[in-house]
Amino acid sequence: MARPMNQLPQIDDPLVVFARDLQALRKKADDPPLAMMAQHSGMSTATLSNAHAGKKLPTWATVNGYVLACGGNPEDWSARWESLRLAAAGVTGDLCREALRRWERTGTLTPPQVTDEGELRELLKTLLDFNGLSHRTLAQQAPGYSHVTYGAVLRGARPLRAKILYQILIGCGVYSLRSQEAWFHLLSSFSWKEGVEGGKLLARVEQPLRYAGDIDMKTLKAILERLERGRGLLAADIVSYDSLNALRTAYEDVLALLLSSLQRSHAQLPHKLGYAFNQVVGELRNSSIPNPAAIAALVSLAMPFHPRLRTRVVMALKNAGELLRRADNGELSVPGPFGLRMPMPPLAPIAPFQRTAPTAP
């Protein structure tokens, strides 16, 4: 039997209301034991218990794991959690809200202007929130430093060095050289020495890494989970028109996200890679399954800094693509009306690659 949750006070404090609603979600899921929730979420039982205690705002990674363990949709909780996080930021809340709106609208992860290093640290915390990263998951994605070090830097207990800033940016999907330059320019306004070190770091970036554009890691992982879940259903012979439709949508959404990030970088792709880009976009627009080799080449360009996640994305796209090809060829027995030529969702951010000179930052 699940351990009873502590009764929360009947007050209108937003943090307590948030915790109360987490408790309600757990009750709706028939009160799964915390140990079972920990297995599903990868969080400790103590972390999950604190999440619905109403005393401190849990990290997004904790909320995400808690909601998933209760069968909920984390996207329904994201905006509300971010509002609580920004409210806790005090005077820098407006600045962080401006940054979030810009990142969500443009997909380009550049910072707004700040007046001191404390505001810069708050912006970096917001960047982690935007990507749904805790200090521990940041350390996994940017293994140059431990989660303890990242936490100390973001709290202001340790100096914000150029090398640490670079690792934070990489872990948060700030891949574009232009965006990285903008963050280091901001750092240089508080420490010219670290600004110079940042310039040296960027000067050493290898050419293949300069093609990438910023990528919303939180969105990527959410879509990737949909892709892998849909492919798992089909592999278990749970085949239906709806499941195939969901699989194709997730497949196209992953590619759309990666291709649009490449385009936003404004880098001039070599001819062979520019051809692969146009080929994949053209096949998607025709509701065809793109060439796996072209996809693998473009994924490597779009995600140069996370080899494990990149491998996971490539394999998920490859496996889903094979199933969708079989469906297109009539090799799968699908009940109900089916002729898998579904309309391509709007791809407004993606246009055929233009070989234009980069614009000034």
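A: Cysteine 96 is buried, with a relative accessible area of 0%. Buried means under 20% relative accessible area, exposed over 50%, and partly exposed in between (1.4 Å probe, protein chains only). The model is predicted: local features need pLDDT of at least 70, side-chain atom pairs count only at pLDDT 80 or more, and totals for chains, interfaces and linings use all residues. Residues are numbered from 1 along each chain as its sequence is written, and side-chain values use heavy atoms, with hydrogens and water left out.

Cysteine 70 is buried too, at 9%. The count of disulfides (cysteine sulfur pairs within 2.5 Å) is zero.

Now helix α2, residues 34-41. Helices (H or I, at least four residues) and strands (E, at least two) are DSSP runs, numbered from the N terminus. Leu34, Met37, Ala38 and Ser41 are the buried residues of α2. They fall within an arc of 105° seen down the axis, so they line one face of the helix. That arc is taken from the directions from the helix axis to the C-beta atoms. An α-helix has 3.6 residues a turn, so residues three or four places apart point the same way. Gln39 and His40 are exposed on the other side of α2. Cover for its buried residues includes α1 (14-28), α3 (45-51) and α4 (60-69), by contact (heavy atoms within 4.5 Å). Glycine 42 follows α2, with a positive phi near 80°.

Helix α17 (residues 307-328) is also followed by a glycine: glycine 330, phi positive, near 75°. Its buried residues include Leu309, Val313 and Leu317.
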